[in-house]
Amino acid sequence: MTPNTRIPAKRKVTRRRRFLIVVAMLLAAPLVAWCAARILIVKAEMPAADAIVVLSGSSTYVERAAWAAQLYREGRAPVIVLTNDGLISGWDHREDRNPYYYELSMQRLEQQGVPADRIQLAPRQALGTYEQSLLVRDYATAHNLKRLLIVTSGYHSRRALWSMRRACEGSGIEVGINSAPTGWQTPSPWAWWRKRWGWKIVGGEYVKMIYYWAKY
C-alpha cells in the first residue's frame with residue numbers, strides 16, 4: 001500500500017470518530033441537563049410541623065400557594081406563614097391598585113380551602129432568600145414555632161433549605177422542605193434547556209448558589 005492510499009483511509013477514520021463523538025454528545029446532552037436540574041431539587045421530609053412557610057416568589061407564587069394549600073389539607077401543619085418580598089403585581093381593576101404578591105398568595109390559599117385565620121404574614125419585608133430565612137427565624141422564635149416545613153419552587157429548594165438551616169443554626173428550630181413539583185410554572189428537568197427562561201431559572205440558580213456560599 002502506498003503512502004497516498006493511507007492518507008485518505010486515516011482521514012475517513014478521523015471523520016468517523018468525530019461523527020461518533022458529536023452523536024454521543026448530542027445523546028448525552030439531555031441526560032446531563034436533567035442531572036443538572038435534578039441536583040437543585042431536594043426534599044427534607046417533615047410529616048408534621050408547627051407551620052408551613054411559603055417563601056416569596058413573584059414568578060411562581062401560584063404553584064407555591066397551591067402546593068402549600070395541599071400540604072395544609074393533608075394536615076401537615078395548623079398554619080401557613082407567608083413572607084413579603086415587597087414586590088407588587090399588575091394593576092387590579094377591582095381593587096384599583098397593584099396588590100402585593102403575598103396578597104395574591106393569600107387569595108390563592110383561601111380559594112383552595114385554607115381558612116383566612118390560618119394564614120399568617122411574617123412582619124417586615126425581605127427580598128432575598130437568606131434575608132427571608134432570617135425573617136422567618138425571628139418570626140418562628142417569637143411565636144415558639146420549632147418545626148418549619150418550607151414550601152418553594154423545585155429548583156429553588158436546595159438554596160432555600162441551605163439558607164433556612166444556615167439562618168436557624170443554634171436556634172433550636174428544625175427545618176424541612178417540600179417543594180412544588182416542576183412542570184407547572186417551572187420547566188421539567190428534561191426540557192428546561194430548550195427555552196431561554198429555563199436557562200434563567202436553572203442556570204441562574206447555580207450562579208445564585210455560588211454567590212450565597214461565598215457571602216453567607
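Glu103 is a residue of helix α3, which covers residues 101–111. Keep in mind as you look around that this is a predicted model.

**Glu103**
- Is Glu103 buried or exposed? Glu103 counts as buried because its relative accessibility is 18%, and the cut-off for buried is under 20%.
- The Glu103 side chain has a partner: a polar contact at 3.0 Å links it to the side chain of Arg97.

**The chain as a whole**
- Six helices and five strands make up the elements of the chain.
- Read from the N terminus, their order is α-β-α-β-α-β-α-β-α-β-α.
- The chain has 216 residues, and 43% of them count as buried.
- Taking contacts between residues at least 6 apart in sequence, 76% join residues that are at least 24 apart.
- The chain has an accessible surface of about 12,300 Å², with 58% of that belonging to carbon and sulfur atoms.

**The largest pocket**
- The largest pocket holds about 660 Å³ of space.
- Its lining has 25 residues, and those closest to the centre are Gly57, Ser59, Arg64, Arg159 and Lys208.
- Helices α4 (129–142) and α6 (196–215) each contribute at least two lining residues.
- Which element gives the largest share of the lining? That is α6, with seven residues.
- By residue class, the lining of the largest pocket comprises 13 polar, six nonpolar and six charged residues.

Methods: Residues are numbered from 1 along each chain as its sequence is written. This is a predicted model: local features need pLDDT of at least 70, side-chain atom pairs count only at pLDDT 80 or more; totals for chains, interfaces and linings use all residues. Side-chain values use heavy atoms; hydrogens and water are left out. Helices (H or I, at least four residues) and strands (E, at least two) are DSSP runs, numbered from the N terminus. Buried means under 20% relative accessible area, exposed over 50%, partly exposed in between (1.4 Å probe, protein chains only). Contact means heavy atoms within 4.5 Å. Accessible areas come from the Shrake-Rupley method with a 1.4 Å probe; for residues, only the protein chains shown count as cover. A polar contact is a pair of N or O atoms within 3.5 Å; within protein, one must be able to donate a hydrogen and the other to accept it, and residues adjacent in sequence count only if both atoms are side-chain atoms. On a 1 Å grid over the protein atoms alone, a cavity is a set of points where a 1.4 Å probe fits but cannot get out, and a pocket is an open set with protein on both sides within 12 Å along at least five of seven lines; lining residues have an atom within 4 Å of a point. Grid points are joined across faces, edges and corners, and a volume is the space filled by probe spheres set on the points. Ala, Val, Leu, Ile, Met, Phe, Trp, Tyr, Cys and Pro count as nonpolar, Asp, Glu, Lys and Arg as charged, and the others, Gly among them, as polar.
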